[in-house]
There are 4 protein chains.
Amino acid sequence: MFELGEDKPKEECGVLGIYAPTQEVARLTYYGLYALQHRGQESAGIAVSDGLSINVHKGMGLVSEVFSDSVVDCLKGKMSIGHVRYSPTGSGLPANAQPLVVHYQKGMMALAHNGSITNALELREELGKNGAVFQTTIDSEVIINLITRYRKKSLEDSLVKTMRDLRGAYALVILAEDKVIGLRDPHGVRPLCIGRMREGYCLASESCVLDITGAEFVRDVAPGEIVVIDEEGLHSYRGYSKLERRSCAFEYIHIARPDSTIDQLSVSESRRRMGVELAREYPLDVDLVIAVPDSGTASALGYATTLGIPFGDGIIKNRYIHRTFIRPTQEMREVDVRLKLNANASVLKDKRIVMVDDSIIQGTTSSKLVAMVRNAGAKEVHFLISSPPVAYPCFYGIDTVKPEKLIANQLDIEGIQEFVGADSLHYISKEGLLRALGTDCVCLACFDGVYPIPI
Amino acid sequence: MFELGEDKPKEECGVLGIYAPTQEVARLTYYGLYALQHRGQESAGIAVSDGLSINVHKGMGLVSEVFSDSVVDCLKGKMSIGHVRYSPTGSGLPANAQPLVVHYQKGMMALAHNGSITNALELREELGKNGAVFQTTIDSEVIINLITRYRKKSLEDSLVKTMRDLRGAYALVILAEDKVIGLRDPHGVRPLCIGRMREGYCLASESCVLDITGAEFVRDVAPGEIVVIDEEGLHSYRGYSKLERRSCAFEYIHIARPDSTIDQLSVSESRRRMGVELAREYPLDVDLVIAVPDSGTASALGYATTLGIPFGDGIIKNRYIHRTFIRPTQEMREVDVRLKLNANASVLKDKRIVMVDDSIIQGTTSSKLVAMVRNAGAKEVHFLISSPPVAYPCFYGIDTVKPEKLIANQLDIEGIQEFVGADSLHYISKEGLLRALGTDCVCLACFDGVYPIPI
Amino acid sequence: MFELGEDKPKEECGVLGIYAPTQEVARLTYYGLYALQHRGQESAGIAVSDGLSINVHKGMGLVSEVFSDSVVDCLKGKMSIGHVRYSPTGSGLPANAQPLVVHYQKGMMALAHNGSITNALELREELGKNGAVFQTTIDSEVIINLITRYRKKSLEDSLVKTMRDLRGAYALVILAEDKVIGLRDPHGVRPLCIGRMREGYCLASESCVLDITGAEFVRDVAPGEIVVIDEEGLHSYRGYSKLERRSCAFEYIHIARPDSTIDQLSVSESRRRMGVELAREYPLDVDLVIAVPDSGTASALGYATTLGIPFGDGIIKNRYIHRTFIRPTQEMREVDVRLKLNANASVLKDKRIVMVDDSIIQGTTSSKLVAMVRNAGAKEVHFLISSPPVAYPCFYGIDTVKPEKLIANQLDIEGIQEFVGADSLHYISKEGLLRALGTDCVCLACFDGVYPIPI
Amino acid sequence: MFELGEDKPKEECGVLGIYAPTQEVARLTYYGLYALQHRGQESAGIAVSDGLSINVHKGMGLVSEVFSDSVVDCLKGKMSIGHVRYSPTGSGLPANAQPLVVHYQKGMMALAHNGSITNALELREELGKNGAVFQTTIDSEVIINLITRYRKKSLEDSLVKTMRDLRGAYALVILAEDKVIGLRDPHGVRPLCIGRMREGYCLASESCVLDITGAEFVRDVAPGEIVVIDEEGLHSYRGYSKLERRSCAFEYIHIARPDSTIDQLSVSESRRRMGVELAREYPLDVDLVIAVPDSGTASALGYATTLGIPFGDGIIKNRYIHRTFIRPTQEMREVDVRLKLNANASVLKDKRIVMVDDSIIQGTTSSKLVAMVRNAGAKEVHFLISSPPVAYPCFYGIDTVKPEKLIANQLDIEGIQEFVGADSLHYISKEGLLRALGTDCVCLACFDGVYPIPI
């Protein structure tokens with residue numbers, strides 16, 4: 001997807017599972033995927049089981065582009081899983097859309113995956129030596145091949161064996177003919193939560209899905225836990241000896257929806273607190289606080305409120321710039337960022353401004369934003385970032401760019417400030433971030449290069 | 001368009017004209033239409049002239065759906081006009097997409113229209129008596145038939161004559177082979193502004209377009225003015241003796257983009273001030289102010305800041321609910337509003353809340369929102385509206401509903417409060433609104449039933 | 001449409017009208033248009049009336065591309081007209097699809113047209129002087145403007161007046177709210193026939209449509225006749241003093257379907273007789289007769305049977321080369337004709353061949369066919385044409401090419417023979433053609449340049 | 001595909017392979033697939049290799065629907081394989097489109113298949129026991145899993161081992177990164193031929209493809225032969241001890257294009273000879289011979305010529321009835337067959353008719369055709385069939401219907417004659433068919449139930 005005026009890490013996927021024999025599970029999944037659409041706009045898919053066999057529909061595009069009313073109607077079943085995907089440029093192949101559905105000696109199975117298996121190539125090679133063939137380039141196919149090969153007795157058993165082989169970050173939902181399974185990697189890097197429905201259960205990457213599927217939040221799936229939902233209810237298995245939790249900090253900073261709660265911390269509350277921490281660390285004397293919408297807004301409000309500075313809508317986001325947008329030609333590059341994010345001159349004119357964003361990746365968009373705000377009449381532009389400098393790539397399911405393209409990997413803060421052209425530039429400190437999150441149990445690898453899982 | 005969870009009046013159209021022989025006018029118009037997309041999502045169109053003949057492409061859907069790169073490339077020209085349209089249910093015919101292009105005895109002409117001609121039927125009948133045939137049901141076809149029938153000498157001349165016949169609210173852009181023309185009704189109800197480009201001019205319904213087309217704001221077209229742009233520059237004609245300006249108040253309240261300035265008043269500033277007025281009129285003792293996004297946000301912030309109450313993102317809007325969204329079945333109506341607007345429980349829990357919205361039309365969405373906020377744990381929900389009660393239909397280009405469906409036409413404020421289920425409900429006073437707008441020269445017909453133009 | 005390997009004149013349209021209140025007229029029209037699809041593949045459309053108002057659906061492409069089941073279902077009505085269109089390169093605009101539907105002072109009307117109005121420009125100008133505006137470039141719009149302007153009392157009356165103004169060849173079907181009308185130009189150049197249905201009537205360009213709509217052939221509409229079908233049955237009016245009939249000879253030679261009968265002559269029988277005449281005129285001593293399928297087949301069989309020479313399928317036509325076919329690049333031009341028409345070597349090898357085609361327009365395809373047959377092993381290739389040389393353009397609704405591109409306009413028969421590379425080349429004589437058609441009342445303008453209608 | 005008015009067995013697939021490093025192989029394959037389109041209209045696909053990796057594009061629909069110019073352009077490579085597919089109702093899943101492309105431990109491989117593996121289920125189970133997962137329900141996936149599992153040393157080696165396991169009829173084309181491979185089952189039931197190109201080779205289900213790809217016919221692949229084409233040229237391997245050849249007789253009777261030659265016999269010549277044999281066996285005294293187009297035409301001409309009876313185009317086929325055709329509703333079933341095949345009354349009236357068709361499967365279409373011809377005025381209708389009664393299902397890649405739906409499985413000839421309503425009905429004798437084919441080495445299982453390969 002071409003995300004004009006957005007130079008942000010991309011979550012690679014969102015997943016969702018529903019076990020609710022008395023409800024229209026495909027339709028619920030369809031609506032639930034809307035609540036996960038921000039986690040991936042490249043492809044979407046839903047697999048349903050009626051208890052005997054599994055049916056799937058998936059395709060390239062937004063949920064609204066992939067599914068029509070009649071398609072959803074055709075997906076009859078008692079349980080289902082769904083998936084939305086973003087994928088780095090180049091691998092956006094139709095064959096890679098999920099859920100992946102297979103026939104194997106014990107029947108059918110569908111699987112959808114959020115995260116990244118760091119030893120996927122290795123596993124793929126080993127499986128290949130035993131004759132496995134692969135029709136896609138996604139990790140899900142490796143995982144499913146492991147599961148089916150280990151499958152002697154119970155599916156749960158083979159999942160435990162599979163988890164022994166897998167390295168990386170993953171939240172999986174699996175659909176067998178008669179059950180829905182969710183599991184989360186031993187560090188719990190990628191989120192997955194459980195909701196209780198009228199008659200059944202719902203699993204989802206984010207709790208905001210539960211509000212749509214009519215489920216009540218129960219708890220997060222624990223790191224290394226396997227959760228099985230079938231006609232007898234919900235069963236929990238230990239899939240892997242529990243390691244220290246390492247929830248992805250970037251989910252709070254940028255990816256997740258504000259109305260989601262992950263591992264007991266509200267996303268919107270965490271963002272507000274990042275603003276409060278920024279205010280504590282950098283109490284600047286300005287006339288107005290503005291945000292780069294949408295993900296900078298909560299922090300900006302936290303900052304403004306703490307310091308008693310007015311907050312204004314200094315940058316307006318166009319809600320209609322989507323996938324099919326025609327990229328401006330070289331001569332029109334001036335239009336570029338402005339199409340998605342436009343400075344609101346009447347608010348900015350003659351003001352000293354603090355602009356809050358959640359992160360800087362390559363810096364190009366940031367520099368355009370600073371220039372735009374300045375051209376709109378701002379006297380000073382101070383740039384506050386609610387995350388520490390992103391200086392290292394993520395190997396756990398978030399698509400950043402190559403290290404040499406990460407501006408914080410190449411320049412120090414002074415250099416970045418010069419590059420973006422701000423009067424001052426301040427990142428929240430790692431300590432400030434941890435205070436805002438209220439826990440040390442997070443993965444900060446993209447900030448400090450300390451990778452909790454071998455890569 | 002199915003606007004789930006939005007029960008708002010709809011602007012019927014946005015228009016745009018560019019005269020810039022040295023630039024890619026179609027591409028500029030394409031980008032400019034993105035900045036007007038909020039004014040109409042049903043159809044989009046662009047007409048270009050290369051100085052000799054006029055070429056057009058239009059169709060049903062969003063700008064991104066109607067235009068592809070190759071289509072835009074095919075539209076070669078020196079000047080252009082563009083249009084986006086919303087239209088009330090039922091008349092959404094492909095034939096009604098604009099701009100309308102005709103061949104007549106003096107050549108070709110294209111026209112795009114925002115507004116509503118109140119005596120259109122009458123004019124249509126009269127033209128019909130003289131043998132005119134109509135292929136659409138839009139006012140633009142009536143206007144274009146008047147213009148061509150009056151055309152003896154100059155086009156400008158026939159426009160003056162046409163304006164004598166037209167009653168209603170209108171902002172028009174017209175493309176002749178060698179010029180672009182803009183005109184605004186004698187009361188200036190619908191907006192239209194002028195921007196100066198590197199070599200040329202730009203006309204647009206809203207000034208936020210100028211930021212995209214690279215134009216510098218010059219001024220608004222005056223009520224009753226005809227503005228002609230050709231190779232000799234910009235010429236102004238008086239099309240109709242100037243009547244008192246009656247800018248549509250609803251543009252400020254709900255329709256226009258915050259980064260637009262209409263008739264010298266910034267939209268975002270006007271909304272902030274409505275919040276300030278609400279604070280003055282109803283200084284409630286609550287814990288948190290929230291907004292119904294997006295149009296209630298600016299007022300909510302104005303209210304919160306004035307009273308020193310924290311503002312929080314209590315309602316989260318899903319950005320991916322668009323035209324092709326599949327409407328929930330009856331059994332899933334509970335999902336309905338929630339899909340587009342979801343309560344953020346972690347922010348609302350145990351709080352006394354002021355929720356600010358810009359208007360109430362039928363009241364059904366409002367009642368669902370109040371219930372949703374309450375279910376999310378709010379202790380009290382006070383509902384503030386930044387417009388007076390909408391009790392009368394608009395005949396000037398905004399699609400409200402039938403009077404008997406307007407809740408404020410049927411119930412008094414107490415009744416409405418009961419219907420929506422709020423602990424208290426307060427509308428801004430008409431005086432408060434005028435103070436916020438800083439002028440009396442506005443049309444308030446939908447609030448007080450005083451129609452400045454005969455209907 | 002890109003008609004690979006076919007270098008033939010193109011009929012511009014086919015029309016169809018049904019009055020049958022008790023039947024699903026839209027569905028019947030849809031199926032009927034399939035039987036006219038060979039007359040135009042560029043656009044298709046159906047208009048229906050339920051007695052009160054007219055509804056239309058039309059678009060670019062084949063009937064199967066323009067209509068879906070649900071679209072046909074939406075077209076509820078008691079009577080209908082339909083249209084398929086081919087159009088010369090460049091004017092293939094969506095706006096030009098028919099039927100054309102208008103609102104005018106007496107209600108609504110739809111019109112579909114096959115043919116060409118030779119004084120259309122003149123009429124257009126005159127109408128323009130009276131203020132008419134045109135939204136398309138098709139003759140139908142001129143005709144409909146004339147009709148509505150003349151309409152004082154009855155529609156029939158205004159049709160008579162309109163026919164006085166029209167010059168050219170035309171077969172029209174018109175849909176008013178409560179009747180279906182058909183009319184044919186005073187010379188009857190373009191075909192139109194009448195069928196009686198269970199309860200109602202059907203009008204169609206070709207009688208093969210009647211087999212589909214379940215109608216029984218009644219008769220052809222007479223030259224200059226106006227046929228009105230309403231709840232009281234079928235009424236005939238003289239629209240114009242009857243001139244001498246001049247049925248288009250090319251309908252028999254190439255355009256019409258073999259199972260149609262036009263002006264009392266079976267198309268397939270006429271083609272067989274052309275072969276018989278060719279046998280009489282050029283009784284060659286060869287081993288095998290082959291045809292260029294499909295339109296050369298009947299004549300080739302007539303020729304072979306008459307002379308007692310075996311007929312073989314020497315050229316095989318690919319049935320799947322359609323509109324969306326990707327044109328071969330320059331380097332692959334060798335593939336060109338062969339993709340649509342392939343020589344059947346096993347049949348041709350070492351044989352002396354007579355190859356029969358119905359006409360030669362530019363000669364390029366013919367020369368490729370001769371070469372292909374020769375390369376496939378034929379010892380001699382004699383080329384017989386079942387029409388006289390096409391040396392003049394058609395102005396009556398058939399799209400030939402510019403005169404200077406007509407090979408028979410530039411070269412004599414010897415020159416053409418040399419160009420196409422045949423061992424001998426023979427055209428049927430004009431007399432032979434007339435004998436085959438059994439009448440002199442045909443238009444032969446494209447052969448002899450004698451135009452029965454002023455141009 | 002809904003084949004209206006055609007009640008014929010369906011070939012399930014056509015395959016094609018090209019090794020031609022100096023040419024645009026994807027484009028050649030694209031055009032070549034047009035020449036195989038009659039063998040399958042449900043899906044189409046092309047895989048190309050540039051020597052390093054394999055790229056594929058495939059989808060549901062006709063070749064013209066699946067491929068656009070830009071898609072073909074993206075398929076850069078030196079060698080390629082292509083596939084068109086028909087598939088019995090129900091299994092028409094997008095995932096089943098071919099070629100199938102896999103990654104395995106030795107690299108990538110693509111495979112396309114025509115035919116049917118009779119022990120596929122058995123093999124699938126065995127592979128499943130060893131952990132194989134299947135993402136489709138097609139035989140190709142079973143074959144490819146066998147190949148990769150056997151692959152220790154050379155690919156050729158593993159093919160030999162694979163052929164030992166496979167039972168059934170198959171013609172395969174395989175694309176490795178650096179070679180194209182073709183192979184044919186030990187009985188040679190399904191056709192596959194070799195052509196030499198300027199610099200390279202072409203493999204195809206039918207020789208008519210070679211005319212399009214610019215290849216010269218070399219020979220058929222021998223039963224049980226493996227043909228490998230790489231940069232050193234063409235190599236032949238014996239894959240399986242040669243069994244007696246059993247070319248499918250139905251390829252000659254109905255499936256293959258007339259301009260193809262299969263196992264040294266021209267298809268069009270074989271059909272003509274079937275007509276000659278029919279004339280010998282049933283020299284009826286009639287006025288006219290007609291054919292059910294297209295596959296009955298050659299036999300009808302053979303019959304007519306032999307007996308000196310005129311041949312006429314008594315039934316006209318509509319060329320525009322395709323996949324997207326809307327099926328007539330129950331009330332319009334009378335239209336049914338007639339839409340595709342219409343009687344030409346002017347030819348049939350008052351004649352005693354012999355109508356020749358190539359086969360009868362269920363008999364319903366035949367009975368409608370007989371009635372239609374009779375209603376068009378024929379005095380007598382004698383029905384001749386150029387194949388023996390189809391009384392047994394095919395298990396080798398042709399989709400007939402269930403035995404109990406085969407009319408010749410349920411009724412004797414007298415019963416069939418009564419069912420179809422013909423004055424007399426005659427099938428060619430088995431001996432007559434073998435005489436026409438000039439060989440005993442054919443599979444006649446669908447006529448006599450003698451299956452050369454165990455099922």
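## Symmetry of chains A and B

In this predicted model, chain B superposes on chain A by a rotation of 180° with 0.0 Å of shift along the axis. The RMSD of that superposition is 0.0 Å. The two copies are therefore related as by a two-fold rotation axis. Which C-alpha of chain B is nearest the axis? That of B:R319, which is 3.5 Å from the axis.

## Chain pairs without contact

Two chain pairs do not touch. Chain A and chain C share no contact, and their closest C-alpha atoms lie 13 Å apart. Chain B and chain D do not touch either, with nearest C-alpha atoms 13 Å apart.

## A six-stranded sheet in chain B

Chain B holds an open sheet of six strands. The order is 6-7-8-9-13-14, and the pairing is antiparallel. Strand 6 (100–104) and strand 14 (233–238) of chain B are the edge strands, each pairing on one side only. From one strand to the next, the twist averages 20°.

How many bridges join strand 6 of chain B to strand 7 of chain B? Five, and the two strands run antiparallel. Strand 7 of chain B spans residues 107–117. In strand 7 of chain B, B:A110 stands opposite B:V101.

## The helix on the sheet

Helix 5 of chain B, residues 139–150, packs on this sheet. Helix 5 touches strand 6, strand 7 and strand 8 (168–176) of chain B. The direction of helix 5 makes about 130° with that of strand 7 of chain B.

Note on methods. Residues numbered from 1 in each chain as written. Chains lettered and ligands numbered in written order. Predicted model: local features only at pLDDT ≥ 70, side-chain atom pairs only at ≥ 80, totals over all residues. Contact = placed C-beta atoms within 7 Å. Least-squares fit on C-alpha atoms with pLDDT ≥ 70 in both. Pairing = 2+ DSSP bridges. Helix = DSSP H or I, 4+ residues; strand = E, 2+ residues; numbered from the N terminus. Axes fitted to C-alpha atoms, helices over the stretch in contact; angles between N-to-C directions.
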